[in-house]
Amino acid sequence: MTAGASRGAPVAFVDGQRLWQRLMTLAQFGAVGEGGVDRPALSDTEANARARIVAWARALDMRPYTDRVANLFLRFEGTDPTLPPVLVGSHIDSQPTGGRFDGVYGVLAGLEVVQAILVSDKRPRRAIEVVAWTNEEGSRFAPGMTGSYVFTEQKSFDEVASTRDGQGIKLEDAAAWILQSDQDVELRDFGREACAYVEAHIEQGPLLQREGVPVGIVTGIQGTRRYRVSVDGAAAHAGTASREDRRDALMTAVRIIAALDDAADIAGLKCTVGLFNVVPNAPSVVPSNVVFSVDIRHPDNEVVDMIDGFLKTLAVEHRGRCTVSVRQIAHAPSLTFSRNIQNVIAEAAASAGVPCMSIYSSAGHDARQLHYFCPTGMIFIPCRDGVSHNPEEWAEPEHVTAGAKVLCETVWRLANDD
Ligand code: HGY
Ligand code: MN
Ligand code: MN
């Protein structure tokens with residue numbers, strides 16, 4: 001696919017102030033303290049944020065659609081409705097300690113692209129659909145990326161429907177609740193053809209800031225495997241149970257995690273144990289059960305695969321008198337994005353006069369799933385000191401604007417390709 005040259009792209013009508021205001025407005029939905037956001041997937045705070053975005057979209061001559069996992073599609077019609085649309089977006093759910101930009105930036109920058117086109121009084125050949133994918137973060141329903149996996153038909157609805165959150169609520173019930181709270185939003189099937197997908201996102205790393213470059217053209221995303229490790233021992237009295245009689249689930253878990261951390265250090269891979277549940281979690285009881293998460297990531301698939309085998313070996317080596325089960329809940333190999341889309345982004349940045357550089361993504365994104373569905377690319381903007389998944393997350397207004405301009409120029413080109 002060769003993207004046509006820009007025909008007077010509406011980039012001049014991108015209004016960074018308007019986009020910034022929307023970002024700050026959306027940050028109020030699930031606001032925590034100064035700048036923090038806790039907006040779980042398919043929650044009432046997300047439903048309210050969703051309704052706000054739908055209202056903005058309707059005022060921009062866009063039509064909302066959704067599907068059974070509550071992905072949100074905001075369609076801006078093109079001159080030829082028969083052509084597959086260009087998708088642009090990200091997610092609006094957040095981590096419990098989220099910030100104002102992760103995910104939301106890509107959705108609202110997409111809305112800004114449409115508003116700039118509308119204000120420019122032009123229409124693209126292809127429709128443009130701004131998308132908010134369901135449950136990207138995976139903090140409420142694990143694993144994440146639900147909406148993009150199911151839309152691209154890499155997972156079936158049935159595979160994800162019975163996923164439960166910490167309160168035992170099923171994903172399908174939470175999604176149904178969102179759908180019934182929608183006002184006049186038409187339901188669509190999964191897997192609808194798309195011409196391309198572009199996602200704008202904060203880098204969530206320090207590189208662009210360190211290089212002083214406002215926009216990154218993302219070359220790919222590192223590979224990952226995610227697990228839940230469950231250790232079963234036996235509850236016992238902290239004062240009377242002898243060391244040799246103990247089946248201490250916590251000490252077994254600690255030995256496994258310490259050995260894994262040493263291996264990750266040697267292999268140079270990112271290893272995170274972010275979730276850790278102890279039962280009965282009582283000071284004078286030897287723990288009978290521990291469940292913890294393992295999130296490993298590395299650009300080299302062989303390293304990720306090597307650690308996969310190593311984790312299972314550790315579970316046997318350190319189990320002592322406990323039993324240990326290792327359950328993989330997600331696996332996504334590292335990938336390289338479409339060269340053509342990267343070129344379109346580079347041309348768009350040049351024509352918009354925005355300096356850019358190539359950059360690799362250490363964070364996961366819905367673009368990973370779209371990559372297997374249609375030509376896909378990503379645009380990064382810097383975030384202060386690379387901080388994200390943290391209330392301190394911050395992006396500079398001029399970078400928010402620069403990224404939206406490059407996104408606008410890119411989407412305009414793709415939506416008018418020959
Ligand atoms: O975990 C990730 O990489 C993404 O930010 N959810
Ligand atoms: Mn994100
Ligand atoms: Mn995130």
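This is a predicted model: local features need pLDDT of at least 70, side-chain atom pairs count only at pLDDT 80 or more; totals for chains, interfaces and linings use all residues.
Which residues surround ligand 1?

1. **The shell of ligand 1.** Six names answer the opening question: E136, E137, R297, A363, G364 and H389 surround ligand 1. By class, the shell holds three charged residues, two polar ones and one nonpolar one.

2. **Polar contacts of ligand 1.** A polar backbone atom of G364 sits 2.7 Å from an oxygen atom of ligand 1. E137 brings a polar side-chain atom to 2.9 Å from a nitrogen atom of ligand 1. H389 places a polar side-chain atom 3.3 Å from an oxygen atom of ligand 1. On its own, ligand 1 has 220 Å² of accessible area, and the protein covers 93% of this.

3. Look next at the manganese ion (ligand 2). Its coordinating atoms are NE2 of H91, OD of D102 and NE2 of H201. The distances run from 2.1 to 2.3 Å. Along the chain, these donors follow the pattern H-x10-D-x98-H. D102 and H201 come from distant parts of the chain, 99 residues apart. D102 is in the loop between strand 5 (86–91) and helix 3 (104–119), while H201 belongs to strand 8 (residues 196–202).

4. **Burial at that site.** Are D102 and H201 buried or exposed? D102 has a relative accessible area of 6%, so it is buried. H201 has 1% relative accessibility and therefore also counts as buried. The cut-off for buried is under 20%.

5. With 12% relative accessibility, E137 counts as buried, because the limit is 20%.

6. **How the sites join.** Which residue coordinates both manganese ions? It is D102, and the two ions, ligand 2 and ligand 3, are 3.4 Å apart.

7. **The whole fold.** Now step back. The protein has 418 residues, and 57% of them count as buried. Its secondary structure comprises 12 helices and 19 strands. The C-alpha trace spans about 80 × 45 × 40 Å along its principal axes. The radius of gyration is 23 Å; a compact globule with 418 residues would have one near 22 Å, so the two agree.

8. L269 lies in the loop between helix 8 (249–267) and strand 12 (270–272). Its relative accessibility is 8%, so L269 counts as buried despite its place in a loop. From L269 to R126 the C-alpha distance is 41 Å, and the two are 143 residues apart in sequence.

Conventions
Residues are numbered from 1 along each chain as its sequence is written. Chains are lettered from A and ligands numbered from 1 in the order in which they are written. Side-chain values use heavy atoms; hydrogens and water are left out. A residue is near a molecule or strand if one of its heavy atoms lies within 4 Å of it. A polar contact is a pair of N or O atoms within 3.5 Å; within protein, one must be able to donate a hydrogen and the other to accept it, and residues adjacent in sequence count only if both atoms are side-chain atoms. Accessible areas come from the Shrake-Rupley method with a 1.4 Å probe; for residues, only the protein chains shown count as cover. Ala, Val, Leu, Ile, Met, Phe, Trp, Tyr, Cys and Pro count as nonpolar, Asp, Glu, Lys and Arg as charged, and the others, Gly among them, as polar. Donors are N, O and S atoms within 2.8 Å of the metal (3.2 Å for Na, K and Ca); water is not among the atoms, so sites may look incomplete. Helices (H or I, at least four residues) and strands (E, at least two) are DSSP runs, numbered from the N terminus. Buried means under 20% relative accessible area, exposed over 50%, partly exposed in between (1.4 Å probe, protein chains only). The radius of gyration is taken over C-alpha atoms; the globule rule is 2.2 Å times the number of residues to the power 0.38.
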